[in-house]
Amino acid sequence: MLRNRTAIPQVPLEKETAVVHKPLAHDSARLHVSGAATYIDDIREPAGTLHIAIGLADKAAGTLRGMTLDAVRAAKGVVAVLTAADIPGKNDIAPAFADEPLFADKEILFHNQAIFAVVARSRDEARRAARLAKIDIDEAKPAITVADALETGARVLPDYEFGRGDAPAALGRAPRRLEGLLHIGGQEHFYLEGQAAFAIPGEGREMLVHSSTQDPTEVQHIVARILAIPDAFVTVETRRMGGAFGGKESQACAWAAIAALAALVTGKPCKVRLDRDDDFALTGKRHDFRADWRVGYDDKGIVSAYDVMLNARCGCSADLSPGVVDRAMFHAANAYWLPDVKVASRRLKTNTVSNTAFRGFGGPQGMLAIERVMDAIAHERGLDPLDVRKANFYRPGGDKTPFGQTVEDMTTLPSMIEELELSSDYRARRRAIEAFNANSPYIKRGIALTPVKFGISFTLIHLNQAGALVHVYTDGSIHLNHGGTEMGQGLFTKVAQVVAEEFGVPIDFVRITATNTAKVPNASPTAASSGSDINGMAAQIGARQIKQRMVEFACAQWGVTAEEIVFRDGLVLIGNKSMSFGELAKTCRLNRVQLSAAGFYKTPVITWDRATATGRPFLYFAFGASCSEVVIDTLTGEMKVERVDILHDVGSSLNPALDIGQVEGGFVQGMGWLTTEELVFDAKGRLSTHAPATYKIPVASDVPADFRTKLHMRPNIADTIYRSKAVGEPPLMLPISVYCAILDAVHAIRPGSQPRLEAPCTPEAILNAIQSIQTH
């Protein structure tokens, strides 16, 4: 595989650093590749550990009239069978709106909804016993699709909109107008480690829960709610996850609660691990959308008005849809100045599993719609889509988003687009592709270069906070704990780099420990691409508190000034004296200097009043650009991505090696969302694509052989940790260029046409798009 990336680029620095900004390996890299990393199912089981299987509803909608579970209870190995009647607290696992039960007890909300759990001596016995239940459901007709929900009028939350000016009036005045709709598919998380939880009962009603979760604090709340005990009685620990992508934020709570309930009832350690089919059926996906849009523009393709309705299929409950759909709205303009704009949304209720967080958290769907609009304008005007995009970028006098936030950095993205346009040889390749297409009736090529502007911060403002716990021991080793969780992205490594840099020691001095609600309470989920930003800052604040105490002691002990003390290379230089960091730590302890600190950080300047749609919901924006070239077979709909060029903005990267991995991995995952990953529900509400045999994530052969990735590294204008930028979610939107390149190839069949290309661009979708322009 060709990789035009022979070396990790150097970070431009205001001052030299020893650990931060360096391309260090992931802290668990060797454990990952050797199979020695411990996940939930690898934790050594105490004697007597019991295993859990879930009993599922075989209808998507209706009323649960009764269950006959005698055969289940009598089955081999069964210790207990749990239903809603066994819950001592509230039968509610919803994050906010009390609209989703742990076990259905009356209304059936979706196919395969959990209605009971079997606790047995082995997992196999539990699974076999669960199949013996007799369930009586008075079936009703389910609403499955966006169209179904629009017909029923059902919502999980009220409609919402914001904007600027008078978009309908401006559309009426526009010299040119277009309108259309775009179906945007959902996506299964397909984390390598499935949902899992392991609960161990303690003294009294205490409960220790090992959970594969991005949000241990939320799991703690839900477990306490189900068991009717105080939060302080529940400790949740997460060392690592085998992937999550948003699917283990709210979605991890149910399995932790079931494991804890089983442990409470039986008095034994209890573990639940979903197999892949059940994981597909029981957990939420990326929201699928239908974007209905209208745009007004002039002869040069410059937009004067944009009106979009984002119809989001939220599923059976609200879950995290408030934030997901709001973020889709926040990103409905992407990188473009829209003078008169209206962004509206409907949060539609269907009889499907509740959709949830997924990398990008709604942003990709809002962004894809406006990029489709830019292509439509270019095709109608006969212009290069890149030129239309550039003509509509934010600019002086046009620097406010539809929600009123000023884009403070208007130069970074245009300069990145110019750089990538040159480095990818976009213009020459476009001319070559046009010449190829003119002489190729069946095989068509397409190319597109698209921008990304992604807002960084939780839009639920109170979540923009983090805590960290730092201990320095007398041998100089450092214990680090914080509220962030590790799911393979390298957060633990980055935060450890920050702490090592503050103390001037090698990273090996820092012991990274599992996220634990008993150490750092009330933490925010590791989501919204904010993990390094907020946890890195909290850890830095904690480390600096200890360092300041050490400096003050050294000043008094040896009669020097603070400026004469330097922490470097595991040593502390005190005037003309030198000692190891461990020696100073031991001396501090002997003189009763506190060597422990709790750091706390809250993101500054951000505000958001949803009722008035005013404020600044994002601390800063991360930018990116990608150029993709594809080839399609117009007879079969087959498609191949032939080359990708990426330039992605990471600020002053904390760790360029980890960031390149995030950029490339995010691109491939987003490419899967837009090309091969199709969720199919039948008319009964059953998910047909519930396993790798029917649901197609990208494989190695789908990754383009010519894949060129470069990090754009300039210090963040916002005061972030070492002036870095978030890199978890923004890269997922880079492969919108793949969708646009496929659209470009289809458009080449009939220039000037407006193909109806849906996402994902499966062979069927491509053939349907071709047919749409051949029959009109």
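**A charged side chain and its surroundings**

Mentor: Glu-629 counts as buried, because its relative accessibility is 12%; buried means under 20% relative accessible area, exposed over 50%, and partly exposed in between, with a 1.4 Å probe and protein chains only. This is a predicted model, in which local features need pLDDT of at least 70 and side-chain atom pairs count only at pLDDT 80 or more, while totals for chains, interfaces and linings use all residues. Residues are numbered from 1 along each chain as its sequence is written, and side-chain values use heavy atoms, with hydrogens and water left out.

The partner of Glu-629 is Arg-429: the two side chains meet in a salt bridge at 2.9 Å, N to O. The term denotes a side-chain nitrogen of Lys or Arg within 4 Å of a carboxyl oxygen of Asp or Glu. This pair links distant parts of the chain, since Glu-629 belongs to strand β27 (residues 620-633) and Arg-429 to helix α13, 200 residues apart. Helices (H or I, at least four residues) and strands (E, at least two) are DSSP runs numbered from the N terminus. Arg-429 is likewise buried, because its relative accessible area is 9%.

A set of salt bridges with shared partners joins Asp-384, Asp-387, Lys-390, Glu-418, Glu-421, Arg-427, Arg-430 and Asp-744 into one network. In one of its pairs, Arg-430 meets Asp-384 at 3.4 Å, N to O.

Another pair is formed by Asp-387 and Arg-427, with their closest N and O atoms 2.7 Å apart. Here too distant parts of the chain are linked, as Asp-387 is in helix α11 and Arg-427 in helix α13, 40 residues apart. The structure as a whole holds 47 salt bridges.

Which salt bridge count does the rule give across the interface of domain 1 and domain 2? It finds one. Asp-659 and Lys-494 form a salt bridge in which the closest N and O atoms are 2.6 Å apart. The domains themselves are domain 1 (1-13 + 409-457 + 618-776) and domain 2 (465-602), with bounds that come from an automatic or database domain assignment.

Between the two domains there are six residue pairs in polar contact, both residues at pLDDT 80 or more. A polar contact is a pair of N or O atoms within 3.5 Å; within protein, one must be able to donate a hydrogen and the other to accept it, and residues adjacent in sequence count only if both atoms are side-chain atoms. On the side of domain 1 that touches domain 2, the elements giving two or more residues are β16 (443-456) and α17 (656-675). Helix α17 supplies the largest share of that side, three residues.

The C-alpha centres of the two domains lie 39 Å apart. In all, 19 residues of domain 1 are in contact with 15 residues of domain 2, where contact means heavy atoms within 4.5 Å. The domains bury about 1300 Å² between them, 55% of it on carbon and sulfur atoms. In domain 1, Leu-654, Ile-721 and Tyr-722 lose the most area to domain 2, together 41% of what that side buries. Buried area is the accessible area (1.4 Å probe) that two parts lose on being put together, summed over both.

Leaving aside neighbours within four places in sequence, Glu-501 is in contact with Thr-17, Ala-18, Val-19, Val-20 and Tyr-722. The place of Glu-501 is in helix α14 (residues 491-503). Its side chain reaches the backbone nitrogen of Val-19 at 2.6 Å. Glu-501 counts as buried because its relative accessibility is 17%.
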